[in-house]
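The following explanation is written for a reader who meets this structure for the first time. Please view the sequence and the model together while reading.

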Amino acid sequence: MTTMQDDAAVLRVHELAVAVAGRPVLQGVTLALRPGQVVVLMGANGSGKSTLGLALAGHPHYRVTGGQARLGDADLLALDATARSRAGLFLSFQSPPDIPGVRNNLFLRTALNALRQHRGQAQIDAYDFLGAARAEAARLGLPEALLGRAVNEGYSGGERKRNELLQLALLQPKVAVLDEIDSGLDVDGVRAVVAMVQAQRARGTAMLVVSHYLHMIESLEPDAVLRLDAGRIADTGDIALARALAREGYRNASAAVAQAA
Ligand SMILES: Nc1ncnc2c1ncn2[C@@H]1O[C@H](COP(=O)(O)OP(=O)(O)OP(=O)(O)O)[C@@H](O)[C@H]1O
Ligand SMILES: [Mg+2]
(Lines give C-alpha, C1' and ligand atoms only; values in the text may rest on other atoms or scores of the structure.)
(Ligands and ions follow the chains in the order given, each with its own letter.)
Protein backbone atom coordinates (compact mmCIF):
# COMPACT_ATOMS: atom_id res chain seq x y z
CA MET A 1 0.00 0.00 0.00
CA THR A 2 1.26 3.35 -1.01
CA THR A 3 -0.02 6.90 -1.30
CA MET A 4 -1.12 9.40 -3.96
CA GLN A 5 2.43 10.74 -3.99
CA ASP A 6 3.84 7.32 -4.88
CA ASP A 7 5.20 7.73 -8.40
CA ALA A 8 5.50 3.94 -8.76
CA ALA A 9 1.75 3.43 -8.28
CA VAL A 10 -0.44 2.60 -11.29
CA LEU A 11 -3.74 3.34 -9.52
CA ARG A 12 -3.95 6.29 -7.15
CA VAL A 13 -7.23 7.13 -5.41
CA HIS A 14 -7.27 10.16 -3.17
CA GLU A 15 -10.10 11.16 -0.81
CA LEU A 16 -12.70 9.74 -3.18
CA ALA A 17 -16.27 10.60 -2.19
CA VAL A 18 -19.22 8.92 -3.89
CA ALA A 19 -22.97 9.35 -3.50
CA VAL A 20 -25.48 6.68 -4.49
CA ALA A 21 -29.16 7.51 -4.95
CA GLY A 22 -28.49 10.90 -3.34
CA ARG A 23 -26.85 9.39 -0.23
CA PRO A 24 -23.13 9.70 0.51
CA VAL A 25 -21.61 6.20 0.67
CA LEU A 26 -17.89 6.86 0.29
CA GLN A 27 -16.63 9.85 2.27
CA GLY A 28 -12.94 9.93 1.40
CA VAL A 29 -11.24 6.74 0.22
CA THR A 30 -7.49 6.90 -0.30
CA LEU A 31 -5.46 4.00 -1.65
CA ALA A 32 -2.80 3.22 -4.21
CA LEU A 33 -1.65 0.10 -6.03
CA ARG A 34 1.68 -0.56 -7.67
CA PRO A 35 1.97 -2.86 -10.70
CA GLY A 36 1.76 -6.48 -9.57
CA GLN A 37 0.39 -5.64 -6.15
CA VAL A 38 -2.60 -7.52 -4.77
CA VAL A 39 -4.56 -5.61 -2.16
CA VAL A 40 -7.57 -7.15 -0.42
CA LEU A 41 -10.52 -4.93 0.46
CA MET A 42 -12.69 -6.12 3.33
CA GLY A 43 -15.64 -4.47 5.04
CA ALA A 44 -19.13 -5.20 6.31
CA ASN A 45 -22.05 -5.73 3.95
CA GLY A 46 -23.17 -2.34 2.70
CA SER A 47 -19.92 -0.57 3.63
CA GLY A 48 -19.36 0.51 0.01
CA LYS A 49 -16.87 -1.96 -1.47
CA SER A 50 -18.88 -2.50 -4.65
CA THR A 51 -19.61 1.22 -4.77
CA LEU A 52 -15.87 1.89 -4.94
CA GLY A 53 -15.40 -0.51 -7.85
CA LEU A 54 -18.43 0.74 -9.76
CA ALA A 55 -17.50 4.41 -9.22
CA LEU A 56 -13.96 3.76 -10.47
CA ALA A 57 -15.36 1.96 -13.51
CA GLY A 58 -17.65 4.91 -14.28
CA HIS A 59 -21.12 3.52 -13.54
CA PRO A 60 -23.48 6.49 -13.98
CA HIS A 61 -25.50 5.76 -10.80
CA TYR A 62 -22.41 6.19 -8.61
CA ARG A 63 -21.79 9.94 -8.50
CA VAL A 64 -18.33 11.13 -7.57
CA THR A 65 -18.72 14.15 -5.30
CA GLY A 66 -15.08 14.69 -4.38
CA GLY A 67 -11.51 13.47 -4.62
CA GLN A 68 -9.32 12.19 -7.42
CA ALA A 69 -8.41 8.94 -9.14
CA ARG A 70 -5.52 8.43 -11.55
CA LEU A 71 -4.65 5.38 -13.63
CA GLY A 72 -1.07 5.86 -14.75
CA ASP A 73 -1.00 9.36 -16.23
CA ALA A 74 -4.74 9.46 -16.91
CA ASP A 75 -7.30 11.37 -14.86
CA LEU A 76 -9.69 8.45 -14.51
CA LEU A 77 -12.66 10.53 -13.35
CA ALA A 78 -12.50 12.72 -16.47
CA LEU A 79 -13.02 9.68 -18.72
CA ASP A 80 -16.22 7.87 -19.64
CA ALA A 81 -16.54 4.15 -18.82
CA THR A 82 -15.29 3.07 -22.26
CA ALA A 83 -12.21 5.25 -22.04
CA ARG A 84 -11.48 3.94 -18.53
CA SER A 85 -11.46 0.42 -19.93
CA ARG A 86 -9.17 1.50 -22.77
CA ALA A 87 -6.87 3.11 -20.23
CA GLY A 88 -6.47 -0.33 -18.63
CA LEU A 89 -9.11 -0.65 -15.93
CA PHE A 90 -11.16 -3.83 -15.49
CA LEU A 91 -13.98 -4.53 -13.05
CA SER A 92 -15.43 -7.96 -12.45
CA PHE A 93 -18.97 -7.53 -11.17
CA GLN A 94 -20.20 -8.95 -7.89
CA SER A 95 -23.41 -9.83 -9.75
CA PRO A 96 -22.53 -10.16 -13.45
CA PRO A 97 -25.57 -9.12 -15.52
CA ASP A 98 -27.16 -11.10 -18.37
CA ILE A 99 -26.74 -9.65 -21.83
CA PRO A 100 -29.50 -11.42 -23.79
CA GLY A 101 -28.94 -11.71 -27.53
CA VAL A 102 -25.17 -11.10 -27.35
CA ARG A 103 -23.12 -14.23 -27.85
CA ASN A 104 -20.30 -14.56 -25.33
CA ASN A 105 -17.52 -15.23 -27.84
CA LEU A 106 -18.54 -12.24 -29.95
CA PHE A 107 -18.78 -10.07 -26.85
CA LEU A 108 -15.30 -11.11 -25.70
CA ARG A 109 -13.70 -10.74 -29.12
CA THR A 110 -15.28 -7.32 -29.68
CA ALA A 111 -14.04 -6.12 -26.30
CA LEU A 112 -10.56 -7.51 -26.93
CA ASN A 113 -10.30 -6.01 -30.42
CA ALA A 114 -11.46 -2.62 -29.16
CA LEU A 115 -8.62 -2.69 -26.63
CA ARG A 116 -6.12 -3.99 -29.19
CA GLN A 117 -7.03 -1.19 -31.56
CA HIS A 118 -6.38 1.32 -28.79
CA ARG A 119 -3.03 -0.36 -28.02
CA GLY A 120 -2.01 -0.25 -31.69
CA GLN A 121 -2.13 -4.04 -32.03
CA ALA A 122 -3.55 -6.02 -34.98
CA GLN A 123 -7.13 -7.26 -34.78
CA ILE A 124 -7.65 -10.91 -33.87
CA ASP A 125 -9.82 -12.87 -36.29
CA ALA A 126 -12.58 -15.22 -35.18
CA TYR A 127 -10.48 -18.35 -35.68
CA ASP A 128 -7.45 -17.25 -33.65
CA PHE A 129 -9.67 -15.75 -30.99
CA LEU A 130 -11.65 -18.95 -30.53
CA GLY A 131 -8.41 -20.90 -30.02
CA ALA A 132 -7.28 -18.51 -27.30
CA ALA A 133 -10.71 -18.31 -25.66
CA ARG A 134 -11.07 -22.10 -25.61
CA ALA A 135 -7.66 -22.54 -24.02
CA GLU A 136 -8.41 -20.00 -21.28
CA ALA A 137 -11.91 -21.41 -20.72
CA ALA A 138 -10.41 -24.88 -20.27
CA ARG A 139 -7.90 -23.51 -17.78
CA LEU A 140 -10.79 -21.95 -15.83
CA GLY A 141 -12.96 -25.06 -15.97
CA LEU A 142 -15.58 -23.17 -17.95
CA PRO A 143 -17.60 -25.38 -20.33
CA GLU A 144 -16.75 -24.44 -23.90
CA ALA A 145 -20.45 -24.44 -24.82
CA LEU A 146 -20.85 -21.22 -22.80
CA LEU A 147 -18.79 -19.36 -25.40
CA GLY A 148 -21.60 -19.92 -27.88
CA ARG A 149 -24.41 -18.77 -25.59
CA ALA A 150 -25.63 -15.27 -24.69
CA VAL A 151 -23.47 -13.60 -22.03
CA ASN A 152 -24.41 -14.95 -18.59
CA GLU A 153 -27.90 -16.01 -19.76
CA GLY A 154 -28.79 -19.14 -17.85
CA TYR A 155 -25.22 -19.47 -16.51
CA SER A 156 -24.89 -20.91 -13.01
CA GLY A 157 -23.55 -18.64 -10.29
CA GLY A 158 -20.08 -20.17 -10.49
CA GLU A 159 -20.08 -20.08 -14.31
CA ARG A 160 -20.75 -16.33 -14.19
CA LYS A 161 -17.77 -15.82 -11.91
CA ARG A 162 -15.53 -17.98 -14.08
CA ASN A 163 -16.69 -16.01 -17.13
CA GLU A 164 -15.59 -12.77 -15.43
CA LEU A 165 -12.16 -14.38 -14.97
CA LEU A 166 -12.15 -15.33 -18.65
CA GLN A 167 -12.57 -11.64 -19.49
CA LEU A 168 -9.73 -10.76 -17.13
CA ALA A 169 -7.45 -13.36 -18.74
CA LEU A 170 -8.19 -12.21 -22.28
CA LEU A 171 -8.27 -8.43 -21.78
CA GLN A 172 -5.09 -8.19 -19.68
CA PRO A 173 -5.81 -4.88 -17.93
CA LYS A 174 -3.33 -2.79 -15.95
CA VAL A 175 -5.60 -2.63 -12.93
CA ALA A 176 -8.38 -5.05 -12.03
CA VAL A 177 -11.02 -4.74 -9.33
CA LEU A 178 -12.35 -8.21 -8.53
CA ASP A 179 -15.57 -7.84 -6.57
CA GLU A 180 -16.30 -11.03 -4.61
CA ILE A 181 -14.97 -13.11 -7.47
CA ASP A 182 -14.83 -16.09 -5.08
CA SER A 183 -18.43 -16.00 -3.85
CA GLY A 184 -20.38 -19.03 -5.01
CA LEU A 185 -17.33 -20.76 -6.47
CA ASP A 186 -16.62 -24.39 -5.67
CA VAL A 187 -13.19 -25.55 -4.44
CA ASP A 188 -11.79 -25.88 -7.96
CA GLY A 189 -13.19 -22.46 -8.84
CA VAL A 190 -11.45 -20.81 -5.89
CA ARG A 191 -8.20 -22.51 -6.95
CA ALA A 192 -8.71 -21.15 -10.46
CA VAL A 193 -9.16 -17.62 -9.03
CA VAL A 194 -5.96 -17.89 -7.03
CA ALA A 195 -4.02 -19.23 -10.01
CA MET A 196 -5.42 -16.50 -12.26
CA VAL A 197 -4.63 -13.72 -9.77
CA GLN A 198 -1.06 -14.99 -9.37
CA ALA A 199 -0.61 -15.24 -13.16
CA GLN A 200 -1.91 -11.69 -13.68
CA ARG A 201 0.19 -10.42 -10.81
CA ALA A 202 3.31 -11.96 -12.40
CA ARG A 203 2.66 -10.01 -15.59
CA GLY A 204 2.28 -6.79 -13.64
CA THR A 205 -1.47 -6.34 -13.25
CA ALA A 206 -2.42 -4.58 -10.02
CA MET A 207 -5.50 -6.03 -8.35
CA LEU A 208 -7.92 -4.84 -5.73
CA VAL A 209 -9.71 -7.96 -4.51
CA VAL A 210 -12.92 -7.71 -2.51
CA SER A 211 -13.55 -10.83 -0.47
CA HIS A 212 -15.17 -12.04 2.74
CA TYR A 213 -13.42 -15.41 2.77
CA LEU A 214 -10.23 -15.89 4.74
CA HIS A 215 -9.29 -19.09 2.97
CA MET A 216 -8.98 -17.34 -0.37
CA ILE A 217 -7.42 -14.22 1.12
CA GLU A 218 -4.71 -16.37 2.70
CA SER A 219 -4.09 -18.16 -0.62
CA LEU A 220 -3.68 -14.86 -2.47
CA GLU A 221 -0.75 -13.78 -0.26
CA PRO A 222 -1.85 -10.14 -0.55
CA ASP A 223 0.55 -7.20 -0.26
CA ALA A 224 -1.93 -5.41 1.99
CA VAL A 225 -5.37 -5.80 3.56
CA LEU A 226 -7.72 -2.83 3.94
CA ARG A 227 -10.95 -2.46 5.88
CA LEU A 228 -13.60 -0.07 4.61
CA ASP A 229 -15.88 1.46 7.22
CA ALA A 230 -18.00 4.61 7.40
CA GLY A 231 -16.94 5.58 3.89
CA ARG A 232 -13.19 5.50 4.53
CA ILE A 233 -10.29 3.07 4.74
CA ALA A 234 -10.54 2.55 8.49
CA ASP A 235 -7.66 0.07 8.83
CA THR A 236 -4.64 -0.96 6.79
CA GLY A 237 -2.68 -4.07 7.62
CA ASP A 238 -1.38 -7.38 6.38
CA ILE A 239 -2.79 -10.89 6.51
CA ALA A 240 -2.98 -10.61 10.30
CA LEU A 241 -5.75 -8.01 9.87
CA ALA A 242 -7.76 -10.38 7.66
CA ARG A 243 -7.32 -13.20 10.17
CA ALA A 244 -8.39 -11.02 13.09
CA LEU A 245 -11.45 -9.70 11.22
CA ALA A 246 -12.45 -13.25 10.29
CA ARG A 247 -12.17 -14.22 13.96
CA GLU A 248 -13.76 -11.16 15.59
CA GLY A 249 -16.19 -9.94 12.92
CA TYR A 250 -16.68 -6.41 11.64
CA ARG A 251 -18.86 -5.38 14.58
CA ASN A 252 -15.93 -6.10 16.83
CA ALA A 253 -13.39 -4.60 14.44
CA SER A 254 -11.58 -2.49 17.03
CA ALA A 255 -10.66 -5.65 18.96
CA ALA A 256 -9.58 -7.27 15.69
CA VAL A 257 -7.37 -4.32 14.80
CA ALA A 258 -5.80 -4.39 18.25
CA GLN A 259 -5.02 -8.11 17.82
CA ALA A 260 -3.56 -7.60 14.36
CA ALA A 261 -1.31 -4.77 15.48
N1 LIG B 1 -27.93 1.48 -7.02
C2 LIG B 1 -28.13 1.73 -5.72
N3 LIG B 1 -29.26 2.35 -5.29
C4 LIG B 1 -29.46 2.61 -3.97
N5 LIG B 1 -28.58 2.31 -3.00
C6 LIG B 1 -27.45 1.69 -3.38
C7 LIG B 1 -27.17 1.37 -4.73
N8 LIG B 1 -25.97 0.75 -4.79
C9 LIG B 1 -25.52 0.70 -3.53
N10 LIG B 1 -26.40 1.27 -2.67
C11 LIG B 1 -26.27 1.37 -1.22
O12 LIG B 1 -24.94 1.80 -0.95
C13 LIG B 1 -24.43 1.13 0.20
C14 LIG B 1 -23.14 0.43 -0.18
O15 LIG B 1 -23.44 -0.67 -1.03
P16 LIG B 1 -22.33 -1.58 -1.67
O17 LIG B 1 -23.00 -2.49 -2.63
O18 LIG B 1 -21.23 -0.73 -2.21
O19 LIG B 1 -21.81 -2.39 -0.39
P20 LIG B 1 -20.75 -3.57 -0.28
O21 LIG B 1 -19.70 -3.15 0.69
O22 LIG B 1 -20.31 -3.97 -1.64
O23 LIG B 1 -21.61 -4.73 0.41
P24 LIG B 1 -21.62 -6.35 0.19
O25 LIG B 1 -20.54 -6.91 1.06
O26 LIG B 1 -22.98 -6.76 0.68
O27 LIG B 1 -21.43 -6.63 -1.27
C28 LIG B 1 -25.52 0.18 0.67
O29 LIG B 1 -26.21 0.80 1.72
C30 LIG B 1 -26.40 0.02 -0.55
O31 LIG B 1 -27.73 -0.25 -0.19
MG1 LIG C 1 -20.51 -5.64 -2.73
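The paragraphs below treat the sheet and then a pair of helices.

This is a predicted model, in which local features need pLDDT of at least 70 and side-chain atom pairs count only at pLDDT 80 or more, while totals for chains, interfaces and linings use all residues. Residues are numbered from 1 along each chain as its sequence is written, and chains are lettered from A and ligands numbered from 1 in the order in which they are written.

Helices (H or I, at least four residues) and strands (E, at least two) are DSSP runs, numbered from the N terminus. Four strands form an open sheet in the order S2-S1-S4-S5, with antiparallel pairing; two strands pair if DSSP finds at least two bridges between them. At the edges lie strand S2 (23-33) and strand S5 (74-75), each of which pairs on one side only. Between strand S4 (residues 62-71) and S5 there are two bridges in the antiparallel sense, and Arg-70 stands opposite Asp-75 in S5. Helix H1 (residues 49-57) packs on the sheet, where it touches strand S1 (11-20), S2 and S4. Contact requires C-beta atoms, placed from the backbone, to lie within 7 Å. The direction of H1 makes about 70 degrees with that of S4.

Helix H4 (residues 126-139) packs against helix H5 (residues 157-171) at an angle of about 130 degrees, with the axes 10 Å apart. Axes are lines fitted to C-alpha atoms, for helices over the stretch in contact, and angles run from 0 to 180 degrees between N-to-C directions. H4 and H5 are therefore oblique to each other, as angles under 35 degrees count as roughly parallel, over 145 as roughly antiparallel, 65 to 115 as roughly perpendicular and the rest as oblique. Ala-132, Ala-133, Glu-136 and Ala-137 of H4 meet Leu-166, Ala-169 and Leu-170 of H5.

Conventions
Two residues are in contact if their C-beta atoms, placed from the backbone, lie within 7 Å.
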